Amino acid sequence: MRGDDRGYLLHSFLASRSNQRADIYGGSVENRCRFPLEILDAILTVWDSDRVGIKICPSDDYNDSTVSYNEQLETYEYYIGELMKRKLMFINLSRRGCHLGRDQDEYFKSAPRPSGLEIPANYEPLHHFGKMIKFEGSPTLLMVNHEYTVSEANDLIRAGKIDLICFGRPFIYNPDLISRIRDDKPFATNDRGGAVNYGPYQDINENYNDWPSFNASTQRVEI
Ligand SMILES: Cc1cc2nc3c(=O)[nH]c(=O)nc-3n(C[C@H](O)[C@H](O)[C@H](O)COP(=O)(O)O)c2cc1C
């Protein structure tokens, strides 16, 4: 289930800054979480819980979804607790909005947080919520994403802090991403700007199927 990040519809219910409702879907933590949980429960009437995953991003700031640090902790402690009761296949915890200091492109770059809604410099949702999802006997796998490197991913997996990690944009810029990971080759970075993520393009392949791959024999990237 997607939409619990990036200020999309379900996320906008979770955040008090975007959710101004005065009915049972607004106000308290339980009320703000009600609509996403109802959607999830409707999905679970169709698919078994071990076939359903959800992506969430407590620290996100898209579309007025920025909330205070305290609200993040309070809302997501309750929300993740409710998600865990549903025994989902995985929870994808995104760290968009955190101070990573290495945004890959301007499209995904976070805006400065408004005064009073700052988060601690070293905060990442994984540090606070990871243990709610990843523990011995947990029915739910913990996936993380957003601006990760392979080395960070390996460290987190080896430390037993996560089960899965996903890469998004590097798959666009690296047609051979899997073999680069396997062969310990560096990723190509995006040197074409954030607009490449969604277009528009002149040609169907432009910025999508025209990125060079890494040639093992020459150690060079080739088109
Ligand atoms: C072209 C494009 C399409 C995306 N579509 C989705 C989507 O449908 N669902 C989703 O959860 N995230 C989507 N994302 C966000 C990515 O899943 C991911 O959260 C983001 O790219 C950050 O991870 P990264 O640093 O590994 O790229 C999309 C990203 C891009 C660039």
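This is a short tour of a predicted model, stop by stop.

**Before you start**

Number residues from 1 along each chain, as its sequence is written. Because the model is predicted, local features need pLDDT of at least 70 and side-chain atom pairs count only at pLDDT 80 or more, while totals for chains, interfaces and linings use all residues.

**Whole chain**

Show the protein chain as a cartoon. It has seven helices and six strands. Helices (H or I, at least four residues) and strands (E, at least two) are DSSP runs, numbered from the N terminus. Trace the elements from the N terminus on: α-α-β-α-β-α-β-α-β-α-α-β-β.

Now switch to C-alpha atoms. Along the principal axes they fill a box of roughly 60 × 40 × 35 Å.

Colour by burial next. Buried residues make up 25% of the 223 residues in the protein chain. A residue is buried if 20 or more other C-beta atoms lie within 10 Å of its own, exposed if 12 or fewer, and partly exposed in between; C-beta atoms are placed from the backbone.

**Two domains**

Select 9-166 for domain 1 and 168-223 for domain 2. These bounds come from an automatic or database domain assignment. The domain centres, taken over C-alpha atoms, are separated by 28 Å. Look at where they meet: eight residues of domain 1 are in contact with eight residues of domain 2. Contact here means C-beta atoms, placed from the backbone, within 7 Å.

**The ligand**

The shell holds R2, K55, S94, N145, H146, E147, F167, G168, R169, N197 and Y198. Sorted by class, it has two nonpolar, five polar and four charged residues. For these classes, Ala, Val, Leu, Ile, Met, Phe, Trp, Tyr, Cys and Pro count as nonpolar, Asp, Glu, Lys and Arg as charged, and the others, Gly among them, as polar. Domain 1 and domain 2 both give residues to this shell, so the ligand lies between them.

**The largest nonpolar core**

Such a core is a set of buried Ala, Val, Leu, Ile, Met, Phe, Trp, Tyr and Cys residues joined through C-beta atoms within 7 Å. The largest has 24 residues; select I54, Y79, I80, L83, I91, L93 and L142, which touch the most other members. Elements giving two or more residues include helix 2 (29-43), strand 1 (53-56), strand 2 (90-94) and strand 3 (141-145). Helix 3 gives the most, with four residues.

Centre on I91. Leaving aside neighbours within four places in sequence, I91 is in contact with G53, I54, I56, L83, I133, T140, L142 and M143.

**A loop with positive phi**

Go to the loop between strand 1 and helix 3, and select N63. Its phi is near 50°, a positive value in a residue other than glycine. N63 is partly exposed, with 15 other C-beta atoms within 10 Å.

Select D64, found in this loop between strand 1 and helix 3. Phi of D64 is near 60°, again positive in a residue other than glycine. D64 is partly exposed, with 14 other C-beta atoms within 10 Å.

Finish with a distance line from D64 to D163. Their C-alpha atoms, 99 residues apart along the chain, are separated by 31 Å.

Technical notes:
Near = placed C-beta within 6 Å. Contact = placed C-beta atoms within 7 Å.
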